[in-house]
Amino acid sequence: MIRQILEALSIIAIPLIVAGFVAYAAKKKVPVYESFVAGAKGGFEIAIKIIPYLVAMLVAIGIFRASGAMELLVNALSPVARLIGMPPEALPMALLRPLSGSGSLGLMADIMKKYGPDSFIGILVSTMYGSSETTFYVLAVYFGAVNVYRTRHAVAAGLIADFVGMLGALLICKILFG
Amino acid sequence: MLNYVWIALVLIGVLAAAGSDIYDASTNRYRNGEQFELRYDSLAENSGRVSYTREYFDKFYGVSIESPDTLTYNASLVGSSLKITTDEKSPELWRTVAKTDDNSDQITAKVMSRHGREMTVLLPTTSLVKTKAVLDAVISYSEMAVKIALGLIGVMAFWLGIMKLAEDSGMIKIIARIMKPVMVRVFPDIPPDHPAIGAMIMNMAANMLGLNNAATPLGLKAMDELDKLNPHKGTATDAMVTFLAINTAGLTLIPATAIAVRAALGSKDPTVILLTSFFGAGLATIAGIIAARLLQRLKVYRIKDTTEEAQGGGETK
């Protein structure tokens, strides 16, 4: 029931927001068309601005992933994962999630194909996927859009959030399905 | 810090690739130059199937693979070369051979001798596997970055247009006012009726509803507004970092992608992760906000050339 409501909400949200904003602007006597176009002009500029940042970030991640360094890292960290009760099969997911959206999506599908979507590992990896965003992509795009390259504590804060998200996913899955 | 992450990713990547290739070469992992025996069943003039036993494969490569007892491939014989087609069920080793050979799923082997159905072939020389993969990654990920950025132009323009409307009509201020009690606590440096607040709320709302197409443009708009309050262009402000920490935690009511994949793979209850991922992402969001607020006080993360202003309580209050 909740699910249906949420899904319906996510479908009608955009048309509703757009209609509401336009209607309100019209009521306030804003020159709607002019105003929209004036704002929309910035779209191209922002998209172009983020290209160098995105290239830098994605290429570095691409090199790292293609090199097989990930497997080495997984092997090195497996004992740590076991120590906190995380199945080693789920470890690559936790490591890949902040780096690559498409990569972790593929990995999630692979793991669920192998162990079944309703197995503990299947539920765990899909929870992990849903518990975080692709941190480095977000950092590159958002900071790129405003030409910020001195990012200060953004990486640390983002990775702490990811780490806690992964632990939280593990904890709740252990409690409910473990 | 992004500097160090970047250096680490590139250097570790290149070194790991080189190390792995050197190791493969020293152990001759791909058995370059050794002849492989297989059985060729001709179906038509020059198309057929090749097969060998798992036992033979394991012995040849010194591995132990998971597969049926007999491995069969579609193959075609052209002159003295045998083209073997691999698929996703083929052993990893052979898929790598195929990919490194000509970047497809085909292995072109040279037929050395043939007695009836038994055949010995020489597989293509496979070396520098990881280095080649890194090279490919550099090119394909650069292209992907541009594709992603260009793909944003349309939705970006649309949402910037809508946001401009909302700004001109005062709608953004109304939204900001509703959420004021929360926002002043999380973003104490931003004036509560600044357009940045409205844009950030819109971005978070879009994220919550799983509207990724809308969330990114709205988030970039919010960054743009935050940057207007930034006295040191090129350096992140505290508010930006907090905002990004919230975004990277990815709190959403509907993890639509994960649910879709689960459903596609035949899960009995695809939405079972609604609660669990809300819990995980909720914790991540709280941790992100707290981490951002605590770390901004650390000396290493202070804005360097502006100690006076920071002490005056302007930026880092």
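This is a predicted model: local features need pLDDT of at least 70, side-chain atom pairs count only at pLDDT 80 or more; totals for chains, interfaces and linings use all residues.
View 1. In chain A, the axes of helix α7 (residues 120-130) and helix α9 come within 9 Å of each other and cross at roughly 145°. The crossing in which α7(A) passes α9(A) is right-handed. On the side of α7(A), the contact is made by Phe120(A), Ile123(A), Leu124(A), Thr127(A) and Met128(A), and these residues meet Met166(A), Ala169(A), Leu170(A), Cys173(A), Lys174(A) and Phe177(A) of α9(A). Sorted by class, the residues of this contact are nine nonpolar, one polar and one charged.

**View 2. Helices α8 and α9 of chain A.** Helix α9 of chain A, which spans residues 154-177, also packs with helix α8 (residues 135-145) of chain A, at an angle of about 145° and with the two axes 10 Å apart. Here, too, the crossing is described by its hand, and α8(A) passes α9(A) in a right-handed one. Thr135(A), Phe136(A), Leu139(A) and Phe143(A) are the residues that α8(A) brings to the contact, while α9(A) brings Ala154(A), Val155(A), Gly158(A), Leu159(A) and Asp162(A). Of the residues in the contact of α8(A) with α9(A), six are nonpolar, two are polar and one is charged.

**View 3. The interface of chain B and chain A.** In this interface, 104 residues of chain B are in contact with 97 residues of chain A. The size of an interface is often given as the accessible area that is lost when the parts come together. For chain B and chain A, the area buried between them is about 8300 Å², and 79% of it lies on carbon and sulfur atoms. Among residues that both have pLDDT 80 or more, 21 residue pairs are in polar contact across the interface of chain B and chain A. On the side of chain B that touches chain A, the elements giving two or more residues include α1 (2-26), α4 (129-169), α9 (238-249) and α11 (273-295) of chain B. The element that gives the most to this side is α4(B), with 27 residues. By class, the residues on the side of chain B that touches chain A are 68 nonpolar, 25 polar and eleven charged.

View 4. Side chains of opposite charge can pair when their charged atoms come close. In this view the side chains of Arg152(A) and Asp238(B) meet in a salt bridge, with a distance of 2.8 Å from N to O. The pair crosses between chains, with Arg152(A) lying in the loop between α8 and α9 of chain A and Asp238(B) lying in helix α9 of chain B.

Key
Residues are numbered from 1 along each chain as its sequence is written. Chains are lettered from A and ligands numbered from 1 in the order in which they are written. Side-chain values use heavy atoms; hydrogens and water are left out. Contact means heavy atoms within 4.5 Å. Buried area is the accessible area (1.4 Å probe) that two parts lose on being put together, summed over both. A polar contact is a pair of N or O atoms within 3.5 Å; within protein, one must be able to donate a hydrogen and the other to accept it, and residues adjacent in sequence count only if both atoms are side-chain atoms. Helices (H or I, at least four residues) and strands (E, at least two) are DSSP runs, numbered from the N terminus. Ala, Val, Leu, Ile, Met, Phe, Trp, Tyr, Cys and Pro count as nonpolar, Asp, Glu, Lys and Arg as charged, and the others, Gly among them, as polar. Axes are lines fitted to C-alpha atoms, for helices over the stretch in contact, and angles run from 0 to 180 degrees between N-to-C directions. A crossing is left-handed if the near helix is turned anticlockwise from the far one by less than a right angle, and right-handed if clockwise. A salt bridge is a side-chain nitrogen of Lys or Arg within 4 Å of a carboxyl oxygen of Asp or Glu.
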